[in-house]
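Subject: Structure handover

Hello,

Here is the structure I promised to pass on. Please open it and follow along with the notes below.

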Amino acid sequence: DITWTVLGYTPGRFNKAEVFELPFMSGSAEQSSRAFQEYVEKFAADEFKDVKLLAVHTHGPGLFHTKAPVTGLESLRGMKIRGGSRIINNMLTKLGANPVGMPVPAVTEALSKGVIDGTTIPWEVTPALKVTELVKNHTTFAGKQGLYTQTFAFSMNRSAYSKLPDDLKKVIDNNSGIETAA
C-alpha cells in the first residue's frame, strides 16, 4: 500500500517532475528536495492524482564513478555509463558517452562483469553497491554541485489511505510533505 520509487524508472510518466533531473540544477539533497516538494505541490500535483503523495525528494549530487578517469568530454566518448532515467541518459549521450539504462541495484554486477565502464550515482549510494571497490575514479564538480540529480516519490495507495480512521490519517498527514521530503 506504500511505495518508494525512482520516478525516472517510468519514462514519460512524470514529465513535469523531470525538470529536477536536469544537469547542474542542484547541490544539497535537502534543499533540492524541499524545492522539489514545493514545485510538485504547485505545478505537478496532477502527475500524482491517483495516489496519496506523502513526499517527493531528490538524492545528493550525482557524480561519475568510472573505471577509467574522466578528464574531459573526450574521455567520455564511447564509455558505457549507467544512467538512471531518460533525462540522465539523454545528458550522457550529449556528453559523448554511451548510456546504459538500468536500475541502481543492477550496477554492482554490471560493473564487475564489464557491462558498463562506469555509473552515475551520488556518493551516498556507493557503499551499498560496493562501487568504490569496483572503480577507482570518482568525478566531482565545482563546489557542491552535482552533474544531475534523480527524483523519487514516496506515495500511498489512495484507497488504502481512505479506509484508515481519521486518527491514523492524521498521523500520515503529519508525517508527509516538505519536512518528510527534506
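A term you need at the start: patches are made of residues with over 30% relative accessible area and no salt bridge, and nonpolar side chains are joined within 5 Å. Keep in mind that this is a predicted model.

**Surface patch**

Val19, Leu22 and Met25 form a nonpolar patch on the surface. Together they have about 230 Å² of accessible area. Valine 19 sits in the loop between strand E1 (2-6) and helix H1 (29-44). Its relative accessible area is 31%, so valine 19 is partly exposed.

**Salt bridges**

Side chains of opposite charge can pair when their charged atoms come close. How many salt bridges does the structure hold? There are 6.

One of them joins lysine 16 and aspartate 46, at 2.9 Å from N to O. This pair links distant parts of the chain, 30 residues apart. Lysine 16 is in the loop between E1 and H1, and aspartate 46 is in the loop between H1 and strand E2 (51-58). Lysine 16 is partly exposed at 34%. Aspartate 46 is partly exposed too, at 40%.

Another joins lysine 52 and aspartate 173, at 3.1 Å from N to O. Lysine 52 lies in strand E2 and aspartate 173 in helix H8 (residues 166-174), 121 residues apart. Is lysine 52 buried or exposed? Lysine 52 has a relative accessible area of 17%, so it is buried, because buried means under 20%. Aspartate 173 is partly exposed, at 36%.

Salt bridges that share partners also join Glu30, Arg34 and Glu179 into one network. Within it, arginine 34 pairs with glutamate 30, their closest N and O atoms 3.5 Å apart. Both lie in helix H1, about one turn of the helix apart.

Best wishes

Conventions: Residues are numbered from 1 along each chain as its sequence is written. This is a predicted model: local features need pLDDT of at least 70, side-chain atom pairs count only at pLDDT 80 or more; totals for chains, interfaces and linings use all residues. Side-chain values use heavy atoms; hydrogens and water are left out. Patches are made of residues with over 30% relative accessible area and no salt bridge: like charges are joined within 9 Å, nonpolar side chains (Val, Leu, Ile, Met, Phe, Trp, Tyr) within 5 Å. Accessible areas come from the Shrake-Rupley method with a 1.4 Å probe; for residues, only the protein chains shown count as cover. A salt bridge is a side-chain nitrogen of Lys or Arg within 4 Å of a carboxyl oxygen of Asp or Glu. Helices (H or I, at least four residues) and strands (E, at least two) are DSSP runs, numbered from the N terminus. Buried means under 20% relative accessible area, exposed over 50%, partly exposed in between (1.4 Å probe, protein chains only).
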